[in-house]
Amino acid sequence: VPAIAGGASATGSQLYHFTFHRAMYNEPILYNLGKDFRVVLTIRRAILSEESGWAEVELKGSIEEIGRAIADLHT
């Protein structure tokens with residue numbers, strides 16, 4: 001089998017715990033993450049309260065792309 005340009009990337013899944021303030025409830029943060037990066041998101045659990053919320057999210061894809069997606073969230 002001939003080599004593919006750029007080589008192969010390691011793939012996997014990683015579980016993340018996101019917390020956010022109520023002011024962010026109407027922002028499509030997770031949607032944009034899946035749209036802007038080559039990752040598949042699975043929301044495992046989530047809770048929203050009057051003041052804040054959290055979500056446990058599994059990201060699947062190349063380790064490099066998951067890292068890029070998480071780095072984008074930090075900005």
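Let's start with helix H2, where Glu65, Ile66, Ala69 and Ile70 are buried; buried here means under 20% relative accessible area, exposed means over 50%, and partly exposed is in between, with a 1.4 Å probe and protein chains only. Looking down the axis of H2, those buried residues fall within an arc of 135°, so they line one face of the helix. That arc is taken from the directions from the helix axis to the C-beta atoms. An α-helix has 3.6 residues a turn, so residues three or four places apart point the same way. Over on the other side of H2, Glu64 and His74 are exposed.

A quick word on the model: it is predicted, so local features need pLDDT of at least 70 and side-chain atom pairs count only at pLDDT 80 or more, while totals for chains, interfaces and linings use all residues. Residues are numbered from 1 along each chain as its sequence is written, and side-chain values use heavy atoms, with hydrogens and water left out.

Back to H2, residues 63-74: its twelve residues should span 16 Å at 1.5 Å a residue, and the end C-alpha atoms are 17 Å apart, which agrees. The expected span is 1.5 Å times one less than the number of residues. Helices (H or I, at least four residues) and strands (E, at least two) are DSSP runs, numbered from the N terminus.

Now, how many aromatic pairs does a search of the whole structure find? Two, where rings of Phe, Tyr and Trp (its six-membered ring) pair if their centres lie within 6.5 Å, with planes under 30 degrees apart stacked, over 60 edge-to-face and the rest tilted. Tyr16 and Phe18 have ring centres 6.2 Å apart and planes at 20°, so that pair is stacked. Phe20 and Tyr25 are edge-to-face, at 6.0 Å centre to centre and 80° between the planes. Phe18 is buried at 16%, as is Phe20 at 19%, while Tyr16 is partly exposed at 22% and Tyr25 likewise at 23%.

Phe20 takes us to the largest pocket: with Met24, Glu27, Ile29 and Leu30, Phe20 lies nearest the centre, among 14 lining residues. Strand E1 (11-21), helix H1 (29-36), strand E2 (39-48) and strand E3 (52-62) each give two or more residues to that lining.

Last stop, strand E3, which holds Glu58. Is Glu58 buried or exposed? Buried, at 11% relative accessibility. The Glu58 C-alpha atom is 5.6 Å from that of Gln14, although the two are 44 residues apart along the chain. Thanks, everyone!

Methods
On a 1 Å grid over the protein atoms alone, a cavity is a set of points where a 1.4 Å probe fits but cannot get out, and a pocket is an open set with protein on both sides within 12 Å along at least five of seven lines; lining residues have an atom within 4 Å of a point.
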